Amino acid sequence: MAITKEQRRLRIRRGIRNKITGTAERPRLSVFKSNKDIYVQLIDDVNGHTLTSTSSAELGKANINIEISKEVGKKLAEKAAGSGISSVVFDRGGYPYHGKVKALAEGAREGGLKF
């Protein structure tokens, strides 16, 4: 039986999650992409809480592209700075690190997050 793209991504995602974990001082920056939007969260895995989140839908943008992904990263960095967070662990969610995911990471770095 053939493995679908989604099954492959989820297998890769589990491998990533086994290696990294977020704390209150250095939360996990988790990425999820749908066909229309891109979502990011800062998660404290020790306590099981989402510290802050943002998405392209929150910015009022649909049908994401690289520029919108970069804006979402900058917006998350602003929210994180307001919460006193400057350093994160990046969780690409099983997606390849290029295109929209890379643009989001670069936007977050430009906004002041370190990872």
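Biologist: In this predicted model, is strand β2 mostly covered or mostly open, and how many of its residues are buried?

Modeller: Buried here means under 20% relative accessible area. By that cut-off 5 of the 7 residues of β2 are buried, so the strand is mostly covered.

Biologist: Which strands does β2 join, and in what direction do they run?

Modeller: Two strands count as paired if at least two bridges are found between them. β1 and β2 run antiparallel and are joined by 6 bridges. β2 and β3 also run antiparallel, again with 6 bridges.

Biologist: What lies between the strands of each hairpin?

Modeller: The hairpin of β1 and β2 has 4 residues between its strands. The hairpin of β2 and β3 has 4 as well, and there Gly-48 takes a positive phi near 75°.

Biologist: Which residues of helix α2 are buried, and what do they pack against?

Modeller: An α-helix has 3.6 residues a turn, so residues three or four places apart point the same way. In α2 the buried residues are Ile-68, Ser-69, Val-72, Gly-73, Leu-76, Ala-77 and Ala-80. They pack against β1, β2, β3 and α3.

Biologist: What span should α2 have?

Modeller: At 1.5 Å a residue, its 17 residues (66-82) should span 24 Å; the end C-alpha atoms are 25 Å apart, which agrees.

Biologist: What is found at the start of α2 and after it?

Modeller: At the start, a side-chain oxygen of Asn-65 comes within 3.2 Å of the backbone nitrogen of Glu-67. Gly-84 follows the helix, with a positive phi near 85°.

Technical notes
Residues are numbered from 1 along each chain as its sequence is written. This is a predicted model: local features need pLDDT of at least 70, side-chain atom pairs count only at pLDDT 80 or more; totals for chains, interfaces and linings use all residues. Side-chain values use heavy atoms; hydrogens and water are left out. Helices (H or I, at least four residues) and strands (E, at least two) are DSSP runs, numbered from the N terminus. The expected span of a helix is 1.5 Å times one less than its number of residues. Buried means under 20% relative accessible area, exposed over 50%, partly exposed in between (1.4 Å probe, protein chains only). Contact means heavy atoms within 4.5 Å. A polar contact is a pair of N or O atoms within 3.5 Å; within protein, one must be able to donate a hydrogen and the other to accept it, and residues adjacent in sequence count only if both atoms are side-chain atoms.
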